[in-house]
Amino acid sequence: MSEHIATKKTYILVWMSLMCLTAATAGASYLELGRFNIVLAMVIATCKALLVALIFMGVKYISQKITLVVIVAGLFWLFILVSLSMTDTISRSWR
Amino acid sequence: MSDSSPNFTAHSPGLQHHFATMEQQTDASVMGMWVFLVTEIMFFGGMFTGYMIYRYTYYGPWLEGSQHMDFWWGTINTAVLLCSSLTMALGVRASQLGQRRLVVAFLLITILFGVGFLGIKGIEYHGHWVDGQFPGAHFRFAGPNPRQVELFFSFYWAMTGFHALHVLIGIGLVAYIAYRSWKGAYGREYHNPVENVGLYWHFVDIVWIYLYPLLYLISHKHVSG
């Protein structure tokens with residue numbers, strides 16, 4: 001494996017996308033969408049986080065499988081934390 | 001490499017003797033960095049989960065609390081951090097190419113953005129402080145649910161505070177590798193510390209990418225209902 005070096009253009013395009021997404025999420029917060037305001041904000045935030053992780057942090061270019069296992073395991077643990085806590089919290093008020 | 005070295009084969013001076021190759025050393029180091037970042041995901045994950053639980057439980061009062069966030073400072077700070085991530089990524093790229101002066105330049109710009117972020121955060125903190133929005137004995141809130149709004153502000157201070165602490169530590173780390181780069185410690189072969197500090201910096205950016213909509217956006221215009 002030789003180290004992957006992304007082009008300057010890639011990084012600048014990613015940065016421009018991130019700035020556009022920030023403008024989009026800031027603008028979207030002025031819309032009255034009810035419950036979907038938070039959904040839209042989280043979808044945009046996740047797109048931004050993916051761009052940062054995949055390109056800036058180079059997750060897309062990681063060739064070492066065990067490192068990917070570590071990352072996926074971390075996200076899976078976070079999923080357990082959030083999903084079990086929230087299913088408990090939300091379902092308690094059901095009558 | 002000096003002639004008195006006990007090694008039989010010539011290798012990069014950055015290679016530790018318990019690794020077979022430079023690649024193996026880098027892969028191990030990057031994996032170790034990710035293990036650390038996973039612990040950081042869980043650290044911030046706990047606070048995000050607490051935020052979600054209480055936002056769900058005290059929805060109205062949390063909307064009231066959210067109205068007191070400064071939309072523009074939050075948005076500007078998001079842009080500042082994203083710019084710092086770009087300069088960090090370009091700094092790491094320069095280190096991969098062995099461009100020493102460029103590495104130092106990009107790292108110094110990254111530090112400037114980091115300091116700018118903390119400065120803006122400081123302006124916001126000052127505003128919340130003088131408005132009595134720091135939880136504790138001096139907390140003031142003219143509304144029907146001051147205790148629940150205080151809880152919102154507890155989460156606000158804890159989450160942004162720990163994030164700001166991470167930015168501060170990040171600035172220290174970037175300054176250290178900038179100094180080491182200037183001294184010529186890293187080259188085309190060995191620049192793993194620059195990469196790992198980059199990973200840390202981008203991670204801290206991702207935390208803010210989620211803090212920004214959760215604290216500043218999702219209810220800044222909407223009155224509780």
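How far apart do the C-alpha centres of domain 1 of chain A and domain 2 of chain A lie? In this predicted model, the two centres are 22 Å apart. The domain assignment of chain A places residues 1-62 in domain 1 and residues 64-95 in domain 2.

**Confidence**

For the complex, the predictor reports an ipTM of 0.94 and a pTM of 0.92. Chain B has a mean pLDDT of 92, with 93% of its residues at 70 or more. Where pLDDT is low, the predicted coordinates should not be read in detail.

**Chain B**

Chain B contains six helices and zero strands, and its pattern along the sequence is α-α-α-α-α-α. The radius of gyration of chain B is well over the value that the globule rule gives for 225 residues, so chain B is more spread out than a compact globule.

| Property of chain B | Value |
|---|---|
| Radius of gyration | 22 Å |
| Box of the C-alpha atoms along the principal axes | roughly 80 × 30 × 30 Å |

Of the 225 residues of chain B, 39% count as buried. Among the contacts in chain B with a separation of 6 or more, 75% are made by residues 24 or more positions apart.

**The contact between the chains**

Chain A contributes 39 residues to the contact and chain B contributes 37 residues. On the side of chain A that touches chain B, at least two residues come from each of helix H1 (8-28), helix H2 (36-56) and helix H3 (65-92) of chain A. H3(A) provides the largest share of this side, 13 residues. By class, the side of chain A that touches chain B comprises 27 nonpolar, nine polar and three charged residues.

**Helix H2 of chain A**

H2(A) has 21 residues, which at 1.5 Å a residue should span 30 Å; the end C-alpha atoms of H2(A) are 29 Å apart, in agreement with that expectation. Which residues of H2(A) are buried? They are Asn37(A), Ala41(A), Ala45(A), Lys48(A), Leu51(A), Val52(A), Ala53(A), Ile55(A) and Phe56(A). An α-helix has 3.6 residues a turn, so residues three or four places apart point the same way. The cover over the buried residues of H2(A) includes H1 of chain A, as well as helix H3 (71-96) and helix H6 (192-217) of chain B. Just after H2(A), Gly58(A) adopts a positive phi of about 70°.

Note on methods:
Residues numbered from 1 in each chain as written. Chains lettered and ligands numbered in written order. Predicted model: local features only at pLDDT ≥ 70, side-chain atom pairs only at ≥ 80, totals over all residues. Domains from an automatic or database assignment. Contact = placed C-beta atoms within 7 Å. Helix = DSSP H or I, 4+ residues; strand = E, 2+ residues; numbered from the N terminus. Nonpolar A, V, L, I, M, F, W, Y, C, P; charged D, E, K, R; others polar. Rg over C-alpha atoms; globule rule 2.2 N^0.38 Å. Buried ≥ 20, exposed ≤ 12 C-beta atoms within 10 Å, placed from the backbone. pLDDT = per-residue confidence, 0-100. Expected span 1.5 Å × (residues − 1).
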